[in-house]
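Reader: I would like to learn how to read helix packing in a model like this one. Could you walk me through it?

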Amino acid sequence: MVFEEKMIMNGEPEDEEEEEEEEEEEDMVDPLETMRLKCAETEHCVHTQERLEDCETRVGSRSSTAEDCTEELFDFLHARDHCVSHKLFHSVK
């Protein structure tokens, strides 16, 4: 019976301190993610993302093709990460 009680309590915080810590962790936002979202809205990133979406539409419309969108994906990720690198490291202490 004790084993069953431990299984039921497993994963549930036993006191209020643990609940507060979990709430604080949920409220934290990764600055990298917010910068990625902002950079994805820049003109160059929007352009590369449109090329990626066009490629995905083209490839998805065909039943069989050897084409994939790897180059377009890498172009978009490179543009976004380039933008992020200029902003992120200025905010790191």
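Reader: Happy to start with helix 4 and helix 5: is their crossing left-handed or right-handed?

Author: Keep in mind that this is a predicted model. Here, the crossing of helix 4 and helix 5 is left-handed.

Reader: What else goes into describing such a pair?

Author: In general, two packed helices are described by the angle between their axes and the distance between the axes. In this case helix 4 spans residues 43–61 and helix 5 spans residues 70–91, and their axes come within 9 Å and cross at roughly 160°. Angles over 145 degrees count as roughly antiparallel, and helix 4 and helix 5 are therefore roughly antiparallel to each other.

Reader: Which residues of helix 4 and helix 5 make the contact?

Author: Helix 4 brings His44, Cys45, Thr48, Gln49, Arg51, Leu52, Cys55 and Arg58, while helix 5 brings Glu72, Leu73, Asp75, Phe76, Ala79 and Arg80. Sorted by class, this contact has 6 nonpolar, 3 polar and 5 charged residues.

Reader: Let me zoom in on Leu52. Is Leu52 buried or exposed?

Author: Leu52, which lies in helix 4, counts as buried because its relative accessibility is 9%, and the cut-off for buried is under 20%. Leaving aside residues up to four places away in sequence, Leu52 touches Cys69, Glu72 and Leu73. Its C-alpha is 5.0 Å from that of Glu72, although Leu52 and Glu72 are 20 residues apart in sequence.

Reader: And what does Cys55 touch?

Author: Cys55 is also found in helix 4. With residues up to four places away in sequence set aside, Cys55 touches Glu67, Asp68, Cys69 and Glu72. The relative accessible area of Cys55 is 0%, so Cys55 is buried.

Reader: Now for another pair. At what angle do helix 3 and helix 5 pack?

Author: The angle is about 135°, with the axes 9 Å apart. Helix 3 and helix 5 are therefore oblique to each other. Their crossing is right-handed.

Reader: Which residues meet there, between helix 3 and helix 5?

Author: On the helix 3 side you will find Leu32, Met35, Arg36 and Cys39, and on the helix 5 side Arg80, Asp81, Cys83, Val84, Lys87, Leu88 and Ser91. By class, the contact of helix 3 with helix 5 has 6 nonpolar, 1 polar and 4 charged residues.

Reader: Which residues make up the largest nonpolar core?

Author: The largest nonpolar core has 5 residues: Met35, Cys39, Cys83, Val84 and Leu88. Helix 3, residues 31–39, and helix 5 are the elements that give two or more residues to this core. Helix 5 gives the most, with 3 residues.

Reader: What does Met35 touch?

Author: Not counting residues up to four places away in sequence, Met35 touches Val84, Lys87, Leu88 and Ser91. Val84 and Leu88 belong to the core along with Met35.

Reader: Finally, let us step back. How many helices and strands does the protein have?

Author: The secondary structure comes to 5 helices and 0 strands, and from the N terminus on the elements run α-α-α-α-α. Of the 93 residues, 17% count as buried. Among contacts with a separation of 6 or more, residues 24 or more positions apart account for 57%.

Terms used
Residues are numbered from 1 along each chain as its sequence is written. This is a predicted model: local features need pLDDT of at least 70, side-chain atom pairs count only at pLDDT 80 or more; totals for chains, interfaces and linings use all residues. Side-chain values use heavy atoms; hydrogens and water are left out. Axes are lines fitted to C-alpha atoms, for helices over the stretch in contact, and angles run from 0 to 180 degrees between N-to-C directions. Helices (H or I, at least four residues) and strands (E, at least two) are DSSP runs, numbered from the N terminus. Angles under 35 degrees count as roughly parallel, over 145 as roughly antiparallel, 65 to 115 as roughly perpendicular and the rest as oblique. A crossing is left-handed if the near helix is turned anticlockwise from the far one by less than a right angle, and right-handed if clockwise. Contact means heavy atoms within 4.5 Å. Ala, Val, Leu, Ile, Met, Phe, Trp, Tyr, Cys and Pro count as nonpolar, Asp, Glu, Lys and Arg as charged, and the others, Gly among them, as polar. A nonpolar core is a set of buried Ala, Val, Leu, Ile, Met, Phe, Trp, Tyr and Cys residues joined through side-chain atoms within 4.5 Å. Buried means under 20% relative accessible area, exposed over 50%, partly exposed in between (1.4 Å probe, protein chains only).
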